[in-house]
Amino acid sequence: LEAQLREAQKLEALGCLAGGLAHEINNMLQPIIGLTELVMEDVEPDCQAQRNLARVIEAAQRAKRITQQVLTFSHAEATEAGPLQLGSALHNVAEMVDVLVPRTVELVWRITPTPLLVRADETQMAQVLINLVRNAADAIGSSGGLIEITADAVQLDKTVEGAWPHPAGRYAALIVRDTGCGMDAATLARIFDPFFTTKAVGYGTGLGLPVVHGIVASWGGHIVADSRVGQGTTMRILIPTIVAEPAADAHSEPDSGPQAA
Ligand code: ADP
């Protein structure tokens, strides 16, 4: 246990280092791209210099995509993605998610028609859902069961402290519930640790939930797991909603909630 703890701390330190580096490099790429664009305006169109400058920008933008990916996983900075309509994003990834679930498992989607605008990107949303549904399907196994995916609007009037702290405001709740084998407290306590897995060699990497955790954190969101042995597991994600959007029902007022970081 001691060794594993040390390993986790080492990984955490490495993640911090990578995140810090990515952040610095990202900051340096900004003026490289911006100033090159300015110089391009002063150069004769269609000459060799113009083409060379275009290649500088291209290379810098590629570097930027890489650093941004590292940042997403190292929690160092929120991504500048979005806004994304959660409901439509879920509809778009549904087909991909469906194929993860064996025939013995019933998959139910409950997506509110209320628009839920979050600052996130669809590829990451797909990644989160795929990882959670794959775990749920594994937990159910061949005996059959139910996976329920819910997306709904949540209004928190008060800041919540404790194990799952979040400031008051408006959120999108994304919940994946399964009727699988569940987890005991000792397992539950470690599910977000990198490389922690209870699955057989070749089946689990122990990276699914750490990746989910990192992505959700990059959205400014929160994730919490609730589980009972023999009954199943519920994974709850809260994502801050960002923009005033006239809701589908006529009763709702304009959004006065906080903006995402
Ligand atoms: P992996 O799936 O590769 O093992 P994860 O990080 O996704 O890695 O999950 C870590 C562990 O958490 C799993 O091995 C399993 O023990 C437990 N776990 C995750 N999701 C569930 C679930 N829905 N039901 C039961 N156990 C789960």
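How many of the 11 residues of α6 are buried, where buried means that 20 or more other C-beta atoms, placed from the backbone, lie within 10 Å of the residue's own? Nine of them are, and α6 is therefore described as mostly covered, with 12 or fewer such atoms counting as exposed and anything in between as partly exposed.

Before I go on, this is a predicted model, in which local features need pLDDT of at least 70 and side-chain atom pairs count only at pLDDT 80 or more, while totals for chains, interfaces and linings use all residues. Residues are numbered from 1 along each chain as its sequence is written. Helices (H or I, at least four residues) and strands (E, at least two) are DSSP runs, numbered from the N terminus.

To return to α6, its buried residues include Gly-208, Leu-209, Pro-210 and His-213, and just after this helix Gly-220 takes a positive phi of about 80 degrees.

Let me turn to the ligand. Of the 23 residues around it, where near means a C-beta atom, placed from the backbone, within 6 Å, those that come nearest are Asn-135, Ala-139, Thr-197, Gly-204 and Gly-208. By class, the shell has nine nonpolar, 12 polar and two charged residues, with Ala, Val, Leu, Ile, Met, Phe, Trp, Tyr, Cys and Pro counted as nonpolar, Asp, Glu, Lys and Arg as charged, and the others, Gly among them, as polar.

Now the sheet. Five strands form an open, mixed sheet in the order β2-β4-β5-β7-β6, strands being paired if DSSP finds at least two bridges between them. At its edges lie β2 (105-111) and β6 (222-228), each of which pairs on one side only. Strands β5 (residues 169-178) and β7 (residues 232-240) pair in the antiparallel sense over eight bridges, and Tyr-171 stands opposite Pro-240 in β7.

Leaving aside residues up to four places away in sequence, Ala-172 touches Leu-86, Val-118 and Ile-239, among others, contact meaning C-beta atoms, placed from the backbone, within 7 Å.

Definitions and conventions: Two residues are in contact if their C-beta atoms, placed from the backbone, lie within 7 Å.
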